Amino acid sequence: MTRKQKRLAVIGGGVGFIMVAVLLVMFAFSQSVAYFYMPGDLSAANVSPGTRIRLGGLVEAGSVVRGAGSTVSFKVTDGNASVPVRYTGILPDLFREGQGVVTEGVFDTGHDFRADTVLAKHDENYMPKEVADRLKEKGVWNEGEGAKR
Amino acid sequence: MIIEIGHYALVLALATALILSIAPVIGARRGDAALMALAPLGSVLQFALVAFAFAVLTWAYAVSDFSLRNVWENSHSLMPMVYKLSGVWGNHEGSMLLWLLILTLFSAMVAVFGRNLPDTLKATVLSVQAWISLAFLLFILLTSNPFLRLDPAPAEGQDLNPVLQDPGLAVHPPLLYLGYVGFSVCFSFAVAALIEGRIDAAWARWVRPWTLAAWTFLTAGIAMGSYWAYYELGWGGWWFWDPVENASFMPWLAGTALLHSALVMEKREALKIWTVLLAIMTFSLSLLGTFLVRSGVLTSVHAFATDPSRGIFILAILSLFIGGAFTLFAWRAPQLKSGGLFAPISREGSLVLNNLILTVSAATVLTGTLYPLVLETLTGEKISVGAPFFNLTFGLLMIPLLLAVPFGPLLAWKRGDLLGALQRLYLVAGLSLLAGLGLFYAEHGGPVLAALGLALGFYLILGALADLWYRANFGKLAVSIAFRRLKGLPRSAFGTALAHMGLGITVLGIVAVTTFQTETVVEMKQGQTAEAGGYTLIFDGMREAVGPNFTEERAHFTISRGGVTVADVWSSKRLYTARRMPTTEAGILSFGLSQLYVSLGDPMDDGGIVVRIWWKPWILCIWGGALVMMLGGFVSLSDRRLRVGAPSRRTKAVKAQMEPAE
């Protein structure tokens, strides 16, 4: 190979690799990105069963029911609407009624949300950012409330 | 009073940084030795002042001086002393002070150990370091001052966030920062080289020990953080692709690339411009990490208090340094002449491949981390990019790199023999495949990919050993002579082999855990049993206990195998009284490299409790591999040729090749 050909081969290989990476990233985005919804958005959003989403809001007071084994059901609300959620596993330490949560999972064919992940993070005043933003918009919750000790 | 002196020391450090950031660099341009001589002196003074301020803050924590707002917010008189001290960096203000302390420490080290650096280069490097410390001193004094007082002083503090009260966290931030901030030295050297318009192999030789040191500490810091998350958060995961984790992982990827490209530059004078760019990019990613974590754009354990003015300040620092450095690069880089041609199949070629893959994968992680932020800013839509994205993209991109790793050291510089290297790795690949398959059948189950994954891990380990084997020429020479040759190999050869082996060990751990781990969630009552990984756990009951600043419910489990009791473990749920915050303390038992991980859930009405039991085969390999990589880093650092300060510009031999100043 001449020097020019060599250089072309190297550059071509490099560009090819980057193209593959870009395609891979685009494919992965189309496959694995979960959109965030609040219960009130769902009627408008028309999420089909089986699509992975994040559902956030407050745990409705009095809605937590512990079923057999480690299955728990509760409702997530944003003040306007609420969605029943089922989750099998151990809830985070900071999961409480009235506390903000983000759950991730899919709707089954009924209208139950099956969560495989429940996040309520590591601070007693923590309100998931997405939830806090949206609740503030709706005037259901404001900053000072969560910061009380 | 002492507090105010500490505060004042920081202000003095600011003044020092101001002089340091201007005088030496002007001195270097004018050839004024007196101005340049200010650089080492000022750097050491600056370090002493910051260290004093840090010591004052530490003292305030040690004696629980709650008149200091920062101490009141993050400490409690009943906390054990270790956590009082680690509480210094368990909060925003203190951790920024630690960042600054380490930055000035590195400046002082360059000043002290860089005796044989050319005066102009040294003065410029130290000035650039001072620009960074100036920015962060301003940041601390204006937006995150740890020395603010409260009047009247409260009687009791608010306690440190309980998940941070842990020995792992006491060492994680300092190690991580040693890595993050260590790359500032590479950045300063790169910027200085651009300002001077001159760069050569000697430059790479000066930069490499710093890169190696920073990389080693960053490896340790990330591994420590991962282990902490594993045992403290009680979810049993060791890596979550959390944006904060990514923030530390991206500089690691770029730093690994830098480590390898500096090698090419040192040995072959090639890839100069690329190395300079990479040095700038690595530290830019460190700064970006600091921004992501400190500005409050992300919510996580690491993002302590959020205050928009801080975010904007850090964003300004970020754009100033990254933008400035890239502008300087665009302006000056064309004047740097590149040298050293090589064939695509050669040691250089393999290192270029390494750099290509590492930077592309770092870019992928960056995209996944920033995309949700960008999308939300532009469209208001909120999305999450989670582990599946990163596993797919990053995981696939890593495979060709891992396959190529053992080839690199076997290829010759300039023009390598791929066929020869292939022949040498034949046996290695075959053995690895056998080992992978063997283990796969021993553990039975899991996807077929697992066998290949395990084989990949063995291939890396054996490939690293094969490199040493062929270098010492075992098999061709008599064993005793080969041993002597092995002993005579430079330490850096062992460093390389160890680091590559460590990578293999980590791969083994990751593959084994992701494919063979079992998870059981059961409700248990006293006396009931559960099975995991061939062990039987008997739940013996609960007991209440009281710690210094918490109360806990502890569950006791007896573990037996084949009817014989082998161990017992406590797992508990704690309630930290000052913050009314519950935490889970998982019970973890090691059996060889594998672990049994028991974590408690909620108590049931009928007296039972939900228990989550994981069997984590070979999980210790993940961090063990990182330790071996670290060891490789230290062994390489101890190489005489690389010792900090040892290299000198070979004026006579190299002079002819040096580029003119302008």
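1. Helix 2 and helix 6 of chain B are oblique to each other. The model is predicted. The two axes come within 9 Å and cross at roughly 45 degrees. Helix 2 of chain B covers residues 33-62, and helix 6 of chain B covers residues 119-143.

2. Handedness comes next. Helix 2 of chain B passes helix 6 of chain B in a left-handed crossing. On the helix 2 side, the contact is made by B:Ala33, B:Met36, B:Ala39, B:Pro40, B:Ser43 and B:Gln46. Helix 6 of chain B brings B:Asp119, B:Thr120, B:Lys122, B:Ala123, B:Leu126, B:Ser127 and B:Ser133. By class, this helix contact has six nonpolar, five polar and two charged residues.

3. Now the interface between chains. In chain A, 32 residues are in contact with 36 residues of chain B. Helix 1 (3-32), strand 1 (33-37) and helix 3 (129-138) of chain A each supply at least two residues of the chain A side. Helix 1 of chain A gives the most, with 12 residues.

4. What is the make-up of the side of chain A that touches chain B? Its residues divide into 17 nonpolar, six polar and nine charged.

5. Strands also link the chains. Strand 1 of chain A and strand 1 of chain B (residues 383-385) run antiparallel, joined by three bridges. Within strand 1 of chain B, B:Ile383 stands opposite A:Tyr35.

Methods. Residues are numbered from 1 along each chain as its sequence is written. Chains are lettered from A and ligands numbered from 1 in the order in which they are written. This is a predicted model: local features need pLDDT of at least 70, side-chain atom pairs count only at pLDDT 80 or more; totals for chains, interfaces and linings use all residues. Two residues are in contact if their C-beta atoms, placed from the backbone, lie within 7 Å. Helices (H or I, at least four residues) and strands (E, at least two) are DSSP runs, numbered from the N terminus. Ala, Val, Leu, Ile, Met, Phe, Trp, Tyr, Cys and Pro count as nonpolar, Asp, Glu, Lys and Arg as charged, and the others, Gly among them, as polar. Two strands pair if DSSP finds at least two bridges between them. Axes are lines fitted to C-alpha atoms, for helices over the stretch in contact, and angles run from 0 to 180 degrees between N-to-C directions. Angles under 35 degrees count as roughly parallel, over 145 as roughly antiparallel, 65 to 115 as roughly perpendicular and the rest as oblique. A crossing is left-handed if the near helix is turned anticlockwise from the far one by less than a right angle, and right-handed if clockwise.
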